[in-house]
Amino acid sequence: MLAGDFALKILLLSGSMRGERSASLKVARAFVKGIVEEAGATVTEVNLCDKNIEPCHGCFVCWKATPGVCCVKDDMDELRKLVMEHDVIVEAFPLYFFNMPSQMKAFTDRMVSYVQEYRASNGDEEGNRFLHNMRYPELNQKKLVLVSTCGYETTVGNYDSLTIMFDKICGKGKYTTVFAPQGGVLSEKSLEAKVNKYLVKFTDAGREFAKQGRLSEDTREKLQVPMLGHNTFDMIINMNWDKQDVGPYGRPINKE
Ligand SMILES: Cc1cc2nc3c(=O)[nH]c(=O)nc-3n(C[C@H](O)[C@H](O)[C@H](O)COP(=O)(O)O)c2cc1C
């Protein structure tokens, strides 16, 4: 069980520019709901797109001159503090060209101040994985969950680049993935009832995560089963691209 004698704290970071329209946020909220129902957690939700996050300057001031302290003063100070204060970090984002979108990548890069520098002589290597130990030991106790939707009909092969990256950063099996295909149809208003039914399996997965601290391989595979069969999916996306007034896409996103 994830929660013990203390109240579990979840930080849900959304990395989609689509705000409340985000399919990935919808899936992440369903998953987090399961954790809350099972473990009685509190949730802090932050949309990274509302935050000012500069790209990492690559100066390594945070490793050398002021270890742990980044010299770029923007909203990352607040976000790093939030990471330290929470037990489960859920990162929700769309798949962009087989990896994370730039706002989530900027956040990831700027967390570099919270890992230690790599030194070949320290034996900071494990096979072909180069290790960066956490600067603060509390960070090792935190659980990281990546929740993402992609637009293609299936997730198969589309998340390889992302998982290779996180296997290198965190280590294999040290983080949890929740991936779903057909993100466009998950945002489709006319399918709301079907989507809500589909989302129940993510809430159930959240419960499993709260109980076990991880998801079984079987559950992770089931979460990736597409909501729609090939013909229906094909028909809907064709309508989506061809008709201006149909579907969640094709209009500018206004910040809500
Ligand atoms: C710039 C860009 C790149 C994308 N790259 C991919 C991709 O590589 N594979 C894929 O399946 N979908 C891709 N998509 C589609 C999104 O991943 C998909 O629509 C997702 O469900 C949107 O999630 P959101 O509503 O949470 O933003 C891309 C979309 C954009 C705008």
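This is a predicted model: local features need pLDDT of at least 70, side-chain atom pairs count only at pLDDT 80 or more; totals for chains, interfaces and linings use all residues.

**Helix α8.** I began with α8, residues 230-242, and asked how many of its 13 residues are buried. The count is 1, so by that cut-off of 20 or more C-beta atoms α8 is hardly covered. I then checked its span: from first C-alpha to last, α8 reaches 18 Å, close to the 18 Å expected.

**Leu12.** Next I went to strand β1 (residues 9-14), where Leu12 has its place. Is Leu12 buried or exposed? I found 22 other C-beta atoms within 10 Å, so Leu12 is buried. Setting aside neighbours within four places in sequence, I listed its contacts as Ala28, Val32, Val43, Glu45, Val90 and Ala92. I also looked up Ile35, which is 23 residues from Leu12 in sequence and 12 Å away in space, C-alpha to C-alpha.

**α1 and α6.** Ile35 took me on to helix α1, where it is among the residues that meet α6. The axes of α1 (residues 23-39) and α6 (residues 192-212) come within 7 Å and cross at roughly 45°. The two helices are therefore oblique to each other, and I noted their crossing as right-handed. On the α1 side the contact includes Lys26, Val27, Ala30 and Phe31; on the α6 side I picked out Leu199, Phe202, Arg207 and Phe209, among others. I sorted the residues of this contact into 11 nonpolar, 3 polar and 7 charged.

Notes. Residues are numbered from 1 along each chain as its sequence is written. Helices (H or I, at least four residues) and strands (E, at least two) are DSSP runs, numbered from the N terminus. The expected span of a helix is 1.5 Å times one less than its number of residues. A residue is buried if 20 or more other C-beta atoms lie within 10 Å of its own, exposed if 12 or fewer, and partly exposed in between; C-beta atoms are placed from the backbone. Axes are lines fitted to C-alpha atoms, for helices over the stretch in contact, and angles run from 0 to 180 degrees between N-to-C directions. Angles under 35 degrees count as roughly parallel, over 145 as roughly antiparallel, 65 to 115 as roughly perpendicular and the rest as oblique. A crossing is left-handed if the near helix is turned anticlockwise from the far one by less than a right angle, and right-handed if clockwise. Two residues are in contact if their C-beta atoms, placed from the backbone, lie within 7 Å. Ala, Val, Leu, Ile, Met, Phe, Trp, Tyr, Cys and Pro count as nonpolar, Asp, Glu, Lys and Arg as charged, and the others, Gly among them, as polar.
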